[in-house]
Amino acid sequence: MVIDCGMIQVGGLHLAGIQDEPKSLKMIIGNKDSVAVELEVSNRGQYVMGFVRMWLNGRFLGSIEEEEMLSSYVHSLEWIGRMEEIGAGELDFGDAAAEFAWIQNDDSIHDRCLAGLGESTDDFLIRAYRKGDRLRFMWRLLDQPFHSYPGYGNELRCADIRREEFLELVKVVRAEIDG
């Protein structure tokens, strides 16, 4: 289950709910309306290469314009699934905008919430944390992205996901990439 944390304006044009239907890849693992990984393997040589992006709450996260090493992408997903739990008195699935600002401005928590997923997400600022059996993802499109994302907007987006569901998804993606 994914909880939609809502759309939050953090600057620029607010386009909540508007997103052009993006180009599709060959495979979707999971459910795009909750959590999924969309991918297409382009080369199974020494390094498995391809195109990939994540879906959270029906919103894609990443560009499929650049080929990347898929094993590295999955390694990043695995790292997010193993994140250390945020302690009591820290983040607690509260107001996403306030949490995002706190993460950005507090060095003691900032590095623990970085969630880079590889080259496909270079145009996005992504933070994530784990609390109990849930993961929270918060992201927004950068003000001057390299790739074009018609209708995406740069408002803060948020998704809360059961960690077990995320870990199961990552296992299936890993199995597909490892072939």
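What percentage of the 179 residues in the protein is buried? Buried residues make up 47%, where buried means under 20% relative accessible area, exposed over 50% and partly exposed in between, with a 1.4 Å probe and protein chains only.

Before you click around, note that this is a predicted model, where local features need pLDDT of at least 70, side-chain atom pairs count only at pLDDT 80 or more, and totals for chains, interfaces and linings use all residues. Residues are numbered from 1 along each chain as its sequence is written, and side-chain values use heavy atoms, with hydrogens and water left out.

**Stop 1: colour by confidence.** The protein's mean is 81, and 82% of its residues reach 70 or more. Now select residues 6–21: pLDDT stays under 50 there, and the model has 44 contacts beyond four places in sequence for this stretch. A contact means heavy atoms within 4.5 Å.

**Stop 2: switch to cartoon.** Walking along the sequence, the pattern reads β-β-β-β-β-β-α-α-α-β-β-β-α.

**Stop 3: select 27–31.** That is strand β2, which pairs with β3 in the antiparallel sense over five bridges; strands pair if DSSP finds at least two bridges between them. Three residues form the link in the hairpin that joins β2 to β3. Pick I28, and its bridge partner in β3 is E38.

**Stop 4: go into the core.** A nonpolar core is a set of buried Ala, Val, Leu, Ile, Met, Phe, Trp, Tyr and Cys residues joined through side-chain atoms within 4.5 Å. The largest one here has 36 residues, and M54, L56, F137, W139 and F166 touch the most other members. Among the elements that give it two or more residues are β3 (35–44), β4 (48–56), α1 (70–81) and α4 (163–178). Show F166 with its partners: V35, M54, L77, I80, G81, L135, F137 and I161, leaving out residues up to four places away in sequence. A second, separate core has ten residues, including I109, C113, L156 and C158.

**Stop 5: finish at V170.** This residue sits in helix α4 and is buried, with a relative accessible area of 4%. Beyond its neighbours within four places in sequence, V170 is in contact with V74, L77 and E78. Try the distance tool on V170 and L77: they are 93 residues apart along the chain, yet their C-alpha atoms are separated by 6.6 Å.

Technical notes:
pLDDT is the predictor's confidence in each residue, from 0 to 100.
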